[in-house]
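Please open the structure in your viewer and keep the selection tool at hand.

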Amino acid sequence: MEWGKERLVWLFLGHMSVSQVANLLSRKHKPWILAVYGMWACRCALGTQGTAMVLIHTTIAFCVAQFRSQSLSWLCSLSLLSTLRLQDVEEVKRGWYKTETEYYLLQFTLTVRCLYYTSFSLELCWEPPPAQRPFYSLPWMLAYVFYYPVFHNGPVLSFPEFIAQMQQQEQSPPKTSLPILVLGLGRLLFYWWLAELMVHLMYMHAIYSTASLLRAVSSWALGGLALAQVLFFYVKYLVLFGVPALLMRLDGLTPPPLPRCVSTMFSFTGMWRHFDVGLHDFLVRYVYIPAGGSQHGLLGALFSTAMTFAFVSFWHGGNDYLWCWATLNWLGVTVENGVRKLVQRPHVQHSLAQFLSPGARRRLHAALASCSTSMLILSNLVFLGGSQVGEIYWDRIFIQEESEKGPGGLVPRPELTHTAGAAGNSARSLESNSALRGHKQNRVRKHSS
């Protein structure tokens, strides 16, 4: 959350002020006013070189989109995305900034902007020629790419949605409600306070980066840490997506829904549909359906799903643990859909109704869902902590057996007690240096590094 304590807060407040002034003075020109402000705010946050990088990527994508070829547009987007991982290029960009935080902010921004100019490019390719609509022009693309509330971190809003909502604003002014602002701001401050509390008092970043501690604690404690990690990830994204969502509502736009609490997720499919709704809609519209979707039988659906998760892994950074995470999710979604289709067959439903009572069918459903939930949590831990953390959880929870039980349940083995205490102390010492590192790890795994 360190980014929120510095200049970005003031830049977001500046966007809100400029937007409200534009509503009063020149609502017709509001998209261009916000675009100009977005470029200025980009320069304040990323510097002249960072702003030039965003402009170069956007202009290249626009030029390639003029050929009206989906293959060329995808090749362009993936090539631009791959340049973010070239070591020589990374060293040059690091030289532009004094701190790693500024460098990673540029990386996050370029990664998220990739989805935006890809959306514009593919929509232009799908537009029947000649595309005489004024929206498929470079000015509108810049207004879309530089819309500041979603500039650095998202959430993702497709180009048709952005245009439709901007058009609606020109016809009727947005209704800015003070209760909406107060309620939204109150929720954000509460979630922000909770996230900071988890970082500084529960040592969330240090704990899941300390392998010795995860190996030492009891199975019950390890399960609690797993739940705490995914809940912390959820709370942090309530803030990261909540700030842009509030600003979008004040602008008269409808943002994607905020992430649903991970404690209510019991399937891979539900996790992808309801956690990052904007990213899910992007993947379905621009990757899954163009790759064939479910219209080409079982093999076509498997191929389309595999292509979707391959892109997700590459977009997040393409590290080895991300390919493992994407594979687990692909297998989870595939198995869930296969079991769902099997159970929906008439003769299977008839057999279940004949041999199982309603209560037994619910227990069967719960048993199947528990398997999916366990693998879902494991895949999320791989995403958050890497392959080593995932292996520790797999070995400790699914492979090893606890040798002793106490009155309250499983207790740590005696020979590990000293190790756990030492690891806890090391977690406290690591926390002072782990806030930035933890932010990098989560967001780099989420986007680019």
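Two residues are in contact, or touch, when they have heavy atoms within 4.5 Å. What you see is a predicted model, in which local features need pLDDT of at least 70 and side-chain atom pairs count only at pLDDT 80 or more, while totals for chains, interfaces and linings use all residues. Residues are numbered from 1 along each chain as its sequence is written, and side-chain values use heavy atoms, with hydrogens and water left out.

Select Thr308 first. Leaving aside residues up to four places away in sequence, Thr308 touches Leu283, Val287 and Tyr288. Thr308 belongs to helix α14, residues 297–316 (helices are DSSP runs of H or I with at least four residues, numbered from the N terminus). Thr308 counts as buried because its relative accessible area is 10%, and buried means under 20%, with exposed over 50% and partly exposed in between (1.4 Å probe, protein chains only).

Next, select Leu46 and Tyr393, which have the most contacts inside the largest nonpolar core, a set of 112 residues. Such a core consists of buried Ala, Val, Leu, Ile, Met, Phe, Trp, Tyr and Cys residues joined through side-chain atoms within 4.5 Å. Helix α11, residues 219–250, gives the most to this core, with 17 residues. Among the residues that Leu46 touches, not counting those up to four places away in sequence, are Tyr97, Leu105 and Phe151.

Finally, select Val343, which lies in helix α15. Is Val343 buried or partly exposed? Val343 is partly exposed, because its relative accessibility is 32%.

Note on methods: Helices (H or I, at least four residues) and strands (E, at least two) are DSSP runs, numbered from the N terminus.
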